[in-house]
Amino acid sequence: MTDLPRLPFERANLLELSPAFAVLRKEEPVTRVRTSTGDEAWLVTGYEQARKIFADERFGRSHPTPETAPRLSNSSLLGGPQGEHATEKAAHDRMRRLLAPAFSARRMQALAGRVQQLVDDLLDEMEEHGPPADLHELLSVPLPIQVICELLGVPYEDRDRFRAIADDMGDLRDLRRSAAAREEMQVYTHGIVTAKRSDPGEDVYSDLAAADLPSHEVATLAGGLLFAGHETTMNQIDYGVLLLLSNPGQFEALKRDPNLTDAAVEEIMRMGASSEHGLIRYAHEDVEVDGVTIKAGELVVLATVAANRDERVYPDPERFDVTRESTDPHLGFGYAIRFCLGASLARVELRAVFGALPRRFPALRPTVPLDRLEQRPDQLTGGLMALPVTW
Ligand code: HEM
């Protein structure tokens with residue numbers, strides 16, 4: 001068991017990646033590793049290689065024998081196979097067809113004014129609270145929850161309940177706990193969808209209620225949307241603030257020129273790595289990638305955080321630069337057929353935050369050094385317990 005590099009790698013601090021990623025990316029961008037569950041996998045750290053696999057439909061999220069399939073972790077969400085092997089493509093196409101219109105860039109752009117209002121209100125509250133304050137609890141947590149509640153049609157009053165369930169869902173160590181929480185989330189959200197049948201609103205859960213889908217698929221989608229819709233955005237707000245405050249010159253540049261906001265958000269998405277967990281795929285047939293043969297049934301771990309710092313694509317990749325110009329999209333929202341459905345929504349939220357924050361809090365700075373920030377332990381999406389700031 002000592003033969004292969006073992007995941008997860010040791011990380012030195014919150015903003016830098018484990019050094020092992022850079023070494024592997026340079027020497028062997030598709031390489032054999034052992035995962036935290038003791039299984040063997042292919043770890044992909046190169047940008048081009050990751051993009052190829054994302055775009056290759058011979059790789060999927062399902063496995064013909066899920067019980068014995070190699071796993072990345074004990075997360076019930078992203079640790080192992082998902083969905084029925086025989087029907088994966090059809091179910092995925094159905095999901096995208098059903099949900100894509102509700103999350104389209106145009107629909108999300110129409111929400112931008114409302115999102116900006118929510119951001120402005122939260123920043124007003126932070127100002128009233130006065131320094132020092134916990135930016136995590138006052139901004140990063142409530143914003144994505146308010147937005148996703150309105151969009152899906154979930155009662156905001158339930159937030160403590162579903163936040164607790166989401167925490168358990170993201171547990172990386174205990175598969176039983178994570179799976180039970182996932183089930184609980186599905187029962188909770190399915191209940192809301194069912195109620196929308198007799199009392200529909202202008203929201204995504206009402207669309208789900210009206211759709212001709214088997215009940216278990218509705219539950220999976222509803223639960224998945226509520227989790228995906230807030231956890232990740234919350235972490236990217238925290239990490240964006242951390243990256244800007246750790247690079248004061250970049251914070252200054254954004255303050256001086258709000259037109260840099262969109263580029264800053266993409267740079268935050270490229271570098272903000274709250275988790276090194278990675279995305280998974282299973283080869284559905286033998287596929288050759290970069291000179292190695294990945295055999296049918298084998299596990300592939302796409303380390304998008306490492307690919308996003310590939311020097312072959314991003315010059316001086318460890319530098320956080322809000323003026324960076326790149327023609328190659330970062331992989332922070334994935335790529336190709338499973339490209340994040342909520343990317344436009346997340347971008348609207350992040351642009352509202354990072355457009356307003358430097359202007360409203362020009363003297364913003366952290367009150368504790370980076371290495372004293374407390375992390376959420378054993379969480380799939382990683383992230384912080386708190387982000388204490390002053391101004
Ligand atoms: C900054 C915030 C976000 C990040 C970093 C993020 C990241 C990602 C990534 C990397 C994937 C690809 C997974 C894969 O290829 O296996 C993905 C897929 C997905 N995301 Fe997001 N996401 C964010 C926000 C959201 C939001 C707000 C929603 C809204 C509900 C959402 C819903 C989804 C869904 C439904 C998928 C599955 C797409 C599919 O399988 O076709 N995400 N996300």
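Trainee: Where is the place of Asp310?
Mentor: This is a predicted model: local features need pLDDT of at least 70, side-chain atom pairs count only at pLDDT 80 or more, and totals for chains, interfaces and linings use all residues. Residues are numbered from 1 along each chain as its sequence is written, and side-chain values use heavy atoms, with hydrogens and water left out. Helices (H or I, at least four residues) and strands (E, at least two) are DSSP runs numbered from the N terminus. Asp310 sits in the loop between α15 (304-307) and α16.

Trainee: Is Asp310 buried or exposed?
Mentor: Buried means under 20% relative accessible area, exposed over 50%, and partly exposed in between (1.4 Å probe, protein chains only). Asp310 has 2% relative accessibility, so Asp310 counts as buried.

Trainee: Which residues is Asp310 in contact with, leaving aside neighbours within four places in sequence?
Mentor: Contact means heavy atoms within 4.5 Å. With neighbours within four places in sequence left aside, Asp310 touches Arg25, Gly46, Tyr47 and Pro317.

Trainee: Thr65 is in a loop too; what is its relative accessible area?
Mentor: The loop of Thr65 runs between β3 (59-60) and α3. Thr65 is partly exposed, because its relative accessible area is 36%.

Trainee: What separates the C-alpha atoms of Thr65 and Gly297?
Mentor: Along the chain, Thr65 and Gly297 are 232 residues apart. Their C-alpha atoms are separated by 8.6 Å.

Trainee: Which residues come nearest to the ligand?
Mentor: A residue is near a molecule or strand if one of its heavy atoms lies within 4 Å of it. There are 25 residues around the ligand. Those that come nearest are His92, Arg96, Arg281, Arg338 and Cys340.

Trainee: Which elements give two or more residues to the shell around the ligand?
Mentor: Start with Arg281: an N or O atom of its side chain is 2.7 Å from an oxygen atom of the ligand. For His92, the distance from a side-chain N or O atom to a ligand oxygen is 2.6 Å. Two or more shell residues come from each of α3 (88-99), α11 (215-228), α12 (231-246), β5 (279-283) and α16 (343-360).

Trainee: Which residue stands opposite Leu302 in β8?
Mentor: Two strands pair if DSSP finds at least two bridges between them. Strand β2 (residues 40-44) and β8 pair in the parallel sense over three bridges. Opposite Leu302 stands Val44.

Trainee: What is the bridge partner of Tyr282 in β8?
Mentor: β5 and β8 run antiparallel, joined by four bridges. In β8, Tyr282 is partnered by Leu299.

Trainee: Which strands stand at the edges of the open sheet?
Mentor: Three strands form this sheet in the order β4-β10-β9, with antiparallel pairing. Each edge strand has a single partner strand, so one side is left without a neighbour in the sheet. The edges are β4 (133-134) and β9 (365-366).

Key. Polar contact = N/O pair within 3.5 Å; in protein donor to acceptor, adjacent residues only side chain to side chain.
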